[in-house]
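Please examine the sequence and the structure shown here. The paragraphs that follow treat a pocket, a strand residue and a helix in turn.

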Amino acid sequence: MKKTILTMASIIICLAVVCSSCKSKKNQENPETKSEMQLKVEEFANFDLTADLSELTENEKQLVDIFIQIADIMDDLFWKQTFGDKSILDTIQDPWVRDFVAINYGPWERLNCNKSFVSGYGEKPAGCQYYPEDMTMEEFNALDDPDKNSLYTVIRRDENGQLKVVWYRDEYKEELSKVCELMDKAIELAEDEGLKNYLIERKKAFETDDYFNSDMVWMDMKNSRLDFVVGPIENYDDQLREAKASYEAFVLIKDEKKSNDLAKFVSMLPDLQKELPCEPQYKTFVPGTSSDINVYNVVYYAGDCNSGSKTIAINLPNDDKVQAKKGARRLQLENAQRAKFDKIMMPIGELIMEPAQLQYLKFDAFFWNVTFHEVAHGLGIKETINGKGSVDDALQTEKTTWEEAKADILGLFLVNTLIEKGEITDITAEDAITTYIVGILRSVRFGAGESHGKANMMCYNFMEKEGAFTRNADGSYHIDFEKAKAAINNWGALILKTQGDGNYEFASQYAKENASVPAALQNDLDRINNAGIPRDIRYNQGLEILNR
């Protein structure tokens with residue numbers, strides 16, 4: 001997620017879960033007899049979202065139930081935002097097509113540049129349902145209402161066909177009223193003071209579309225064994241302007257021991273900021289030290305975070321004002337990370353890495369890389385150095401691509417720095433770099449058409465041009481670790497300079513030239529796909545799974 005990629009992110013995907021006996025039967029089928037849709041569905045490996053609930057109080061167990069109910073409403077709201085009428089699921093006879101629609105929250109394949117896969121549906125609207133589909137940018141620019149740019153408004157037409165601004169609290173009033181009723185029950189049950197205060201403020205946010213106070217209170221929620229990330233958060237779904245937030249929810253249970261082990265890194269953030277590989281003027285931002293880094297098992301996904309590829313870490317709040325005052329919270333979803341590593345990363349590595357370097361592909365390195373990807377979002381530079389305003393404003397439609405690229409490469413830089421300092425002791429720099437490069441091949445299979453995909457390709461192409469890796473005669477990857485370390489520094493410096501200068505023209509042109517998939521990489525991806533390695537995961541989740 002944004003700033004969450006590795007951006008986060010329902011669970012109506014329960015509709016996509018088949019019984020174990022059916023799965024067993026299907027797995028015996030000859031691939032040549034399977035339909036295209038069946039093969040696409042089976043690219044998503046099933047994974048049970050479970051966690052140890054034995055340490056939770058009865059109130060906390062009831063809270064998990066309520067949070068899941070609220071999450072289901074978030075799921076329904078995201079359907080409205082991204083597609084519209086969810087009843088499309090009831091109109092499709094082919095169960096594989098229905099499953100694939102559920103995975104994608106509509107008839108467009110998210111991991112394939114949003115191509116339509118259901119007859120009767122053309123190109124996906126770039127603005128989804130956040131704007132009228134027939135709206136022109138000239139119309140939008142002429143609309144004289146400052147709230148049109150809010151994360152929490154939609155654009156609609158009035159009775160005369162003119163554009164108007166509608167707040168989420170009004171557009172989705174019926175659903176949000178139910179959310180607030182459930183929030184009241186949760187507030188009554190909450191025993192942890194931090195959690196209770198957060199739920200109180202989050203309810204107010206649903207009612208007012210002002211999320212600042214609830215984000216600030218969430219930053220102070222340090223001791224709760226439960227966490228509930230809920231609301232309109234990320235803006236990736238709006239590919240017209242990246243301006244509208246999508247509803248989603250995560251229900252999380254903290255791993256307290258592992259979280260305590262990570263706590264020491266928070267105090268290091270200001271010093272790590274000073275060590276970034278760039279000129280001093282591009283690292284003047286002082287990160288807040290109210291940040292925390294915690295480890296969770298996720299037990300429920302809903303809405304945006306569950307569509308297409310699944311979020312495996314959370315870095316929030318996105319609000320720069322909150323980050324400046326208190327920093328950000330980084331939530332590592334360890335069970336989801338483990339699922340992706342075991343089912344996808346390791347098989348890819350076994351296929352494409354030269355045998356002598358396969359030893360460096362490790363889950364612990366994947367965990368650290370993901371952790372510091374999220375940390376890196378909160379470092380770097382937030383305001384341009386030349387009066388162009390915030391980096392986000394200056395980079396316009398390129399802001400998310402470059403922010404994700406920054407988090408990718410600076411996360412790896414931070415891991416290597418901490419290894420050198422002796423603060424990370426369970427992996428080597430070779431582990432981190434190898435796992436990072438294999439991770440790009442995992443991630444780029446999600447597609448290179450949106451912000452995360454473009455960021456992946458810019459990182460990959462830069463490192464290849466710098467000689468960080470080459471291919472052997474048999475097509476396997478060989479990494480030159482010294483050149484890789486130099487490439488990490490050089491790429492990080494270029495990104496921070498581009499952001500700090502607010503250089504939209506360069507950012508746009510560079511992405512245009514370097515954010516595509518070269519032919520050699522496409523051949524690698526074809527090998528991976530032909531080997532039957534899953535592209536991502538889909539969850540079996542809910543109270544029935546938790547209570548097994």
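**A guided reading of the model**

Strand β6 contributes the most to the lining of the largest pocket, with four residues; strands are DSSP runs of E of at least two residues, and helices are runs of H or I of at least four, numbered from the N terminus. The model is predicted, with local features requiring pLDDT of at least 70 and side-chain atom pairs pLDDT 80 or more, while totals for chains, interfaces and linings use all residues. Residues are numbered from 1 along each chain as its sequence is written, and side-chain values use heavy atoms, leaving out hydrogens and water.

A pocket is an open set of points on a 1 Å grid over the protein atoms alone, where a 1.4 Å probe fits, with protein on both sides within 12 Å along at least five of seven lines; lining residues have an atom within 4 Å of a point. The largest pocket is lined by 35 residues, and those nearest its centre are Leu-151, Asn-235, Asn-318, Asp-392 and Lys-399.

Arg-156 belongs to strand β4 (residues 153–157). Its side chain forms a polar contact, at 3.0 Å, with the side chain of Glu-171; such a contact is a pair of N or O atoms within 3.5 Å, one able to donate a hydrogen and the other to accept it, and residues adjacent in sequence count only if both atoms are side-chain atoms. The side chain of Arg-156 also reaches the backbone oxygen of Gln-129 at 2.9 Å.

In helix α21 (residues 504–514), Ala-507, Tyr-510, Ala-511 and Asn-514 are buried, that is, under 20% relative accessible area with a 1.4 Å probe and protein chains only, whereas exposed means over 50%.
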